[in-house]
Every structure is written in structure tokens, then in C-alpha cells.
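Hi,

Here is the structure I promised to pass on. Please have a look at it, and then read on for what turned up.

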Amino acid sequence: MKGELNQNILKVQTSEIRQFNDYAKSVGANIILTLGEPDFDTPTEITNQAIDALKAHKTKYGPTLGSLELRKKIALFEKKYNHFDCTEEEIIITHGSTEALTSALFTMINPNDEIIVPMPAYPMYRQMIEFMGGKVIPIDTTKHHFQLTKEDLDNAISDKTKAIILTSPNNPTGSIFSDETYEIVYQAIKNKPIYVICDDVYSQIVYEDRKPGFIRYKDLKEQIIVCQSYSKSYAMPGWRCGYMIAPKEFCQHASKIHQYMIVALNTFIQPAMMEALNYDSSSMVESYKKRRDYIYQRLIHMGFDVDLPMGAFYIFPSIKKYGLSSLEFCARFAKEYQVAIIPGHCFEADDYIRISYCVDFDTIKIACDRLELFLKELQKD
């Protein structure tokens with residue numbers, strides 16, 4: 001006899017992004033523009049730190065919050081790079097930003113709490129919020145070039161609002177929230193007990209003048225939670241390392257979830273994390289920018305309605321004019337032209353497709369050539 005499962009887990013969906021990636025490969029796609037995985041290798045100087053740590057037998061349990069030395073260095077890094085003041089007691093070293101986000105949501109959500117999520121958005125947010133008994137309050141940003149308006153935010157906030165998630169640069173759009181959007185959020189919550197969860201995974205992949213995100217509002221520091229990853233900025237996706245910054249009391253409670261989920265991050269990885277903070281990744285960013293410029297111009301030439309991404313390594317053109325759902329569009333493209341891209345419905349924006357350009361130039365060019373042929377075929381239908 002089978003035991004009954006947690007009813008909330010039955011509602012959780014596996015990643016539609018990975019599902020479609022697997023489907024595209026199963027029908028023969030050999031050009032893969034789906035996952036947000038840098039094509040660069042982890043820099044050698046970072047990798048060597050982990051190798052040296054292993055040789056020195058740094059394989060014992062580490063502190064739950066992460067090594068004190070690493071947390072102090074992150075605090076110095078945040079001060080220098082983001083003008084954000086935090087202490088080592090306000091930092092938890094996590095198993096990537098995914099665990100940071102999960103720990104933060106576990107710590108704050110009570111049943112029926114509402115979390116505002118600007119859409120399009122990374123699908124994990126909804127799955128985790130609803131698993132924990134919370135309710136997602138979406139705001140459609142597609143009407144305003146992926147920015148928030150005062151009216152939309154005011155309408156979304158209620159006495160049940162616990163937090164708003166801000167992802168900038170954004171996955172899937174590559175957009176960056178404007179100063180006006182940040183000010184709208186600030187004015188809306190500054191006198192309310194609402195957290196701001198800053199998913200800053202792509203915060204170092206910015207193509208023009210880089211500014212601090214919502215952390216610029218120092219008077220709201222007690223309401224701000226930062227979730228950060230090493231995967232994108234330092235080409236370390238398989239390392240699974242990141243950190244959370246939050247008020248000290250919040251960290252004390254979040255560390256309980258963190259401890260019971262993973263105990264502590266792998267000890268020998270943490271010296272490499274320290275070394276990564278010394279690494280200048282501007283050459284990677286410059287390479288992504290060149291790829292962005294190329295694919296943007298190609299899409300414009302094909303007739304797509306598309307905004308120029310200002311960060312990350314995704315572009316999110318509209319396919320509304322072609323009369324297909326995003327799943328139909330991407331499934332046909334994968335099957336007929338062997339190119340895998342992600343349907344916008346995965347991000348709750350069915351009129352769009354996400355193209356990841358963190359691949360080499362030749363691959364991008366071939367994909368664009370095939371997309372152009374596909375569009376010509378659609379226009380004949």
C-alpha cells in the first residue's frame with residue numbers, strides 16, 4: 001500500500017525549460033539555444049583554488065553559514081562593487097542562487113501570503129511559492145517594454161503581500177529595470193512590511209552603464225534580500241555556488257532551512273569562490289554584447305518585434321504576428337530546422353520565444369539563417 005504524498009508536491013511541475021530542451025533533442029535538434037549556460041570554461045585561476053584545496057584535504061564539514069573568510073570577502077566585494085553595506089553575519093553561502101531563493105521563500109511565506117512576480121519570469125518562482133502555500137500575484141510587463149507601472153503595482157499590492165521578486169537583468173527578457181521602475185517599487189513599499197527579493201544572478205552581465213539595483217535604497221535594507229550566483233558571471237554553473245544577503249535576524253532563521261537542506265556548502269569550493277571575486281569577467285561580457293548586437297540586428301531584419309536586451313544573454317522576440325502558440329512555433333522549428341529555443345509560455349508569456357545566445361558566433365549565425373528560412377515558410381502558410 002502506497003502512502004499519501006504531500007498534496008503541494010503533487011502540484012509542482014518539473015522544469016518546462018528542461019522538458020522542452022529534452023524534446024527538441026529527441027526530434028533531432030543539433031543547434032541548442034535553450035539553457036542559460038555560459039560557453040566559457042571556468043577561469044583556470046578559479047579552478048586551481050579548488051584543486052589546491054582538495055590536495056590540502058579541505059574536505060571536512062564547514063560552518064553552516066560558509067567560511068568566515070569567504071563571507072567577509074563577499075561583504076567587501078559588495079561594498080566595492082555595489083556600494084552595499086553588509087556584514088558577514090548577514091551572508092549565507094548557498095548551493096547556488098536556487099537554494100538562496102528557496103531558503104528565503106521558505107523563511108518568509110505563511111499560507112496564503114502573496115508574492116508579487118513581474119512577468120515574464122523564471123518558472124521556479126511560481127513553483128516554489130505555491131509549494132509553500134503562497135500565492136503568486138503576476139504583473140504583466142509586456143505592455144510596457146518589461147517595466148513596471150505605478151498603477152499595476154498599486155493594484156497588485158494588498159494586505160496579504162509578503163514580497164516582490166525583482167530580477168534584473170531579467171531572465172527571459174534580458175531587460176533591466178529602469179530608475180523609474182525602481183522608484184515606483186520604492187514608493188509603493190517604503191512604509192509597508194514587504195520584502196524585496198533581488199534575484200541578482202545576472203547583475204554583472206550588463207552592457208551599458210551598470211548601476212546598483214534595488215539595493216540602492218539603503219533605508220530599506222531591513223526589507224531587502226539578495227540572492228546571488230557564481231554560475232553566470234564566472235562561468236561556474238556546475239559548481240552550484242552562490243549566496244544570500246539578508247538582515248541578520250532573517251539569516252538566523254533562513255540558516256535553519258539551509259542547514260537542514262544541505263548542512264553547508266562543499267568546503268573545497270569556497271576558496272575558489274574567494275578567487276572568483278578577484279576575477280575580471282568584462283571580457284566575457286564584451287563577448288556576449290557582440291553576440292547580442294548580431295542576433296538583435298538579424299531578428300530586426302527578419303521583421304521580429306523585439307526589444308534590445310541590456311543584460312544577461314537572452315533575447316525575447318514577439319511571435320504574435322505569426323499566429324502560432326510559442327510551443328507550436330518552437331516545436332516546429334526544432335523538428336523542421338533542428339534548432340532548439342524555448343517557448344515563452346514557460347515564462348508565462350506565450351506570445352514570445354526565448355533565444356539564448358551564450359554560444360559561439362558560428363552557432364548563432366546558423367541558427368539565425370535557419371530561423372529566417374522558417375519564417376519564410378510560415379509566411380507561405
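In which hand does α5 pass α6? The crossing is right-handed. Please keep in mind that this is a predicted model. Helix α5 covers residues 96–108 and helix α6 residues 124–131; their axes come within 10 Å and cross at roughly 35°. On the α5 side, the contact is made by T98, L101, T102, L105 and F106, while α6 brings in M124, Y125, M128, I129 and F131. Eight of the residues in this contact are nonpolar and two are polar, with no charged ones.

Helix α6 is also the place of Q127. Is Q127 buried or exposed? Its relative accessible area is 15%, and because the cut-off for buried is under 20%, Q127 counts as buried. Leaving out residues up to four places away in sequence, Q127 touches K11, V12 and Q13.

Now to the nonpolar cores. The largest has 54 residues, and those with the most contacts inside it are L299, F304, F313, F329, I341, I355 and L371. Among the elements that each supply at least two residues of this core are the helices α2 (16–26), α11 (282–302), α12 (326–337) and α13 (361–380), along with the strand β12 (353–356). Another core, of 49 residues, lies apart from the largest one and includes A50, I74, Y230 and Y234.

Happy browsing, and best wishes

Technical notes:
Residues are numbered from 1 along each chain as its sequence is written. This is a predicted model: local features need pLDDT of at least 70, side-chain atom pairs count only at pLDDT 80 or more; totals for chains, interfaces and linings use all residues. Side-chain values use heavy atoms; hydrogens and water are left out. Axes are lines fitted to C-alpha atoms, for helices over the stretch in contact, and angles run from 0 to 180 degrees between N-to-C directions. Helices (H or I, at least four residues) and strands (E, at least two) are DSSP runs, numbered from the N terminus. A crossing is left-handed if the near helix is turned anticlockwise from the far one by less than a right angle, and right-handed if clockwise. Contact means heavy atoms within 4.5 Å. Ala, Val, Leu, Ile, Met, Phe, Trp, Tyr, Cys and Pro count as nonpolar, Asp, Glu, Lys and Arg as charged, and the others, Gly among them, as polar. A nonpolar core is a set of buried Ala, Val, Leu, Ile, Met, Phe, Trp, Tyr and Cys residues joined through side-chain atoms within 4.5 Å. Buried means under 20% relative accessible area, exposed over 50%, partly exposed in between (1.4 Å probe, protein chains only).
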